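Here is a friendly walk through one protein model, from the whole chain down to a few side chains. Have the sequence and the 3D view at hand as you read.

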Amino acid sequence: MTTDTATDVFEEHRPVLLGVAYRMLGRLADAEDVVQDAWLRWSGSDRDDVREPRAYLVRVTTRLAIDRLRQVRARGETYVGPWLPEPYITDLAATEPDAAEHAVLADSVSLAVLVVLESLSPLERAVFVLREAFGYPYAEIASMLERTEAAVRQLAGRARRHVDERRPRYDVDPEQRRDLTERFLAAAGGGDLAGLMALLAPDARLVGDGGGKRRAPVRVLESADKVGRFLIGVAGRGTWDTIRHLEINGGPAVLVLAGGRPDSVVQLDVAGGRVQAVYIIRNPDKLRFLPVG
């Protein structure tokens with residue numbers, strides 16, 4: 001395999017590798033680093049012995065991501081306030097027109113699921129991502145991770161139970177979410193507390209991630225009243241000048257710009273026609289990859 005051919009093969013599989021790494025780490029910068037390390041391994045390997053480049057590259061990427069995740073956890077870094085994943089721009093409808101498959105991929109990369117995945121062990125997370133998001137057979141995952149198939153099945157079952165117990169159930173209809181998002185922003189921006197409360201479920205939650213670098217609640221807000229009053233107060237103090245609609249983590253969201261720079265990403269989770277959860281990401285380190293043009 002020539003160098004040019006090796007580059008073409010790697011670039012063909014780069015989106016899948018980035019998808020695996022991001023789901024493993026929840027941090028785009030770390031995922032990009034892992035994919036770059038995978039490229040170095042690939043470019044320096046004896047590729048003539050590689051019969052299935054995609055499987056080889058996914059295996060390398062997964063192992064590198066496991067190592068990176070272990071390093072992050074070993075450092076024991078403390079995070080100020082609630083943690084949310086770095087927003088990841090997706091366009092799943094364009095890349096995966098099948099509605100059922102689209103729903104699976106959207107769920108596997110959603111903010112709610114990635115938050116739950118943070119509580120899994122690195123191996124459990126790897127098995128869950130490879131099995132649930134990418135559909136790899138247990139035997140192939142076992143080969144990638146150098147574990148027995150029985151051990152992989154046990155890891156998968158434990159991870160699935162953990163995620164099912166902790167993951168909220170939300171509607172995934174993008175049109176409904178987009179419509180509610182527009183009405184929600186109009187009510188908040190217009191200071192319409194009554195209108196906002198009509199959109200919020202009674203037990204609505206707000207998770208704000210400022211990372212100690214931007215103002216955000218230092219704990220999760222729970223109840224429609226607390227969430228509504230907080231949002232009205234924030235909108236009243238805001239200096240937002242532009243709102244852009246985009247798809248992040250498999251669902252509609254808005255990017256708020258202030259002074260031409262990313263200020264916040266806002267995404268809603270919806271069930272039964274009401275807003276169940278509000279996610280606000282303000283940590284500037286997590287917004288730097290988002291397009292402003």
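## Surface, fold and salt bridges

The accessible surface of the chain comes to about 13,900 Å², and 49% of that belongs to carbon and sulfur atoms. Accessible areas are calculated by the Shrake-Rupley method with a 1.4 Å probe, and for residues only the protein chains shown count as cover.

A word on the ground rules. This is a predicted model, in which local features need pLDDT of at least 70 and side-chain atom pairs count only at pLDDT 80 or more, while totals for chains, interfaces and linings use all residues. Residues are numbered from 1 along each chain as its sequence is written, and side-chain values use heavy atoms, with hydrogens and water left out.

**The whole chain.** You will find twelve helices and six strands in the chain; these are DSSP runs numbered from the N terminus, with helices (H or I) of at least four residues and strands (E) of at least two. The C-alpha trace spans about 65 × 40 × 40 Å along its principal axes. For 293 residues, a compact globule would have a radius of gyration near 19 Å, and the 20 Å of the chain agrees with that. The radius is taken over C-alpha atoms, and the globule rule is 2.2 Å times the number of residues to the power 0.38.

Of the 293 residues, 49% are buried. Here, buried means under 20% relative accessible area, exposed means over 50%, and partly exposed is in between (1.4 Å probe, protein chains only). Among contacts (heavy atoms within 4.5 Å) between residues at least 6 apart in sequence, 66% join residues at least 24 apart.

The chain carries 40 positive and 43 negative charges, whose mean positions are 7 Å apart. Lys and Arg count as positive, Asp and Glu as negative, and His and the chain ends are not counted. Each charge is placed at NZ of Lys, CZ of Arg, CG of Asp or CD of Glu.

The structure holds 19 salt bridges, each a side-chain nitrogen of Lys or Arg within 4 Å of a carboxyl oxygen of Asp or Glu. Three of them are listed here.

| Salt bridge | N to O distance |
|---|---|
| Asp164 and Arg160 | 2.6 Å |
| Arg183 and Asp179 | 3.1 Å |
| Asp225 and Arg229 | 2.9 Å |

Asp164 is partly exposed at 31% relative accessibility, as are Arg183 at 43%, Asp179 at 38% and Asp225 at 37%. Arg229, at 52%, counts as exposed. Asp164 and Arg160 also belong to a network of salt bridges that links them with Glu132 and Arg167.

**Around Leu246.** Leu246 lies in strand E3 (residues 242-248). Is Leu246 buried or exposed? With a relative accessible area of 16%, Leu246 is buried. Leaving aside residues up to four places away in sequence, Leu246 touches Ile89, Gly251, Pro252, Ala253, Val254 and Leu255. Leu246 and Arg178 are 68 residues apart in sequence and 10.0 Å apart in space, C-alpha to C-alpha.
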